[in-house]
Amino acid sequence: MSLMIKKGDTVRIIGGKDKGADGRVLEVIPKKRRVIVEGVNTVTRHEKIRMSRRGSQEGGIAHKEAPVDISNVALLCPTDGTARAGYRMEEGGGKVRICKKCGTEI
Ligand SMILES: [Zn+2]
């Protein structure tokens, strides 16, 4: 069920230190079963400080999202904001992502 997440989806974090946070999926890493969610699981990186040609400082502290395990995220319904997504089977054998609460295709 968790692998239904796609880039650009809005998800809720349901486990880990950022539990309860909502964010947009920036990247899906299927091989590692991880996703990068905007503003979630941010890590601070210290980059080398250097001077640009114009004399201003570049680098320093940067905040970057680290991947979170896909089992810790749930797809949110854009209509009602619930995290009860599932699949509806189509007659031709395909499946469509839907919200189990209101039936919206996600
Ligand atoms: Zn819904």
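1. Domain bounds here come from an automatic or database domain assignment. On that basis the protein divides into domain 1 (2-75) and domain 2 (78-106). The C-alpha centres of domain 1 and domain 2 are 26 Å apart.

2. A word on the model and its numbering. This is a predicted model, where local features need pLDDT of at least 70, side-chain atom pairs count only at pLDDT 80 or more, and totals for chains, interfaces and linings use all residues. Residues are numbered from 1 along each chain as its sequence is written.

3. Where do the domains touch? Six residues of domain 1 are in contact with five residues of domain 2 (contact: C-beta atoms, placed from the backbone, within 7 Å). Strand E1 (10-13) and strand E7 (73-75) each supply at least two residues of the domain 1 side. Strands (E, at least two residues) are DSSP runs, numbered from the N terminus. The domain 1 side comprises four nonpolar residues, one polar and one charged. Nonpolar means Ala, Val, Leu, Ile, Met, Phe, Trp, Tyr, Cys and Pro; charged means Asp, Glu, Lys and Arg; the others, Gly among them, count as polar.

4. Next, the sheet. Five strands form an open sheet in the order E6-E3-E2-E1-E7, with antiparallel pairing (two strands pair if DSSP finds at least two bridges between them). Strand E6 (68-69) and E7 are the edge strands; each has a single partner strand, so one side of each has no neighbour in the sheet. E1 and E7 run antiparallel and are joined by three bridges. Arg12 has Ala74 of E7 as its bridge partner.

5. Which residues have the most contacts inside the largest nonpolar core? They are Ile5, Val11, Val35, Val37, Val68, Val73 and Leu75, in a core of 16 residues. Such a core is a set of buried Ala, Val, Leu, Ile, Met, Phe, Trp, Tyr and Cys residues joined through C-beta atoms within 7 Å. Buried means 20 or more other C-beta atoms within 10 Å of the residue's own. E1, strand E3 (34-37) and E7 each supply at least two core residues. E7 gives the largest share, three residues.

6. Val37 deserves a look. Leaving out residues up to four places away in sequence, Val37 touches Val11, Ile13, Gly23, Arg24, Val25, Leu26, Glu65, Val68 and Val73.

7. Last, a hairpin. Strand E8 (residues 85-89) and strand E9 (residues 95-99) pair antiparallel over five bridges. Met89 is partnered by Lys95 of E9. Five residues lie between E8 and E9, and Gly93 in the turn has a positive phi of about 105 degrees.

Technical notes: Two residues are in contact if their C-beta atoms, placed from the backbone, lie within 7 Å. Helices (H or I, at least four residues) and strands (E, at least two) are DSSP runs, numbered from the N terminus. A residue is buried if 20 or more other C-beta atoms lie within 10 Å of its own, exposed if 12 or fewer, and partly exposed in between; C-beta atoms are placed from the backbone.
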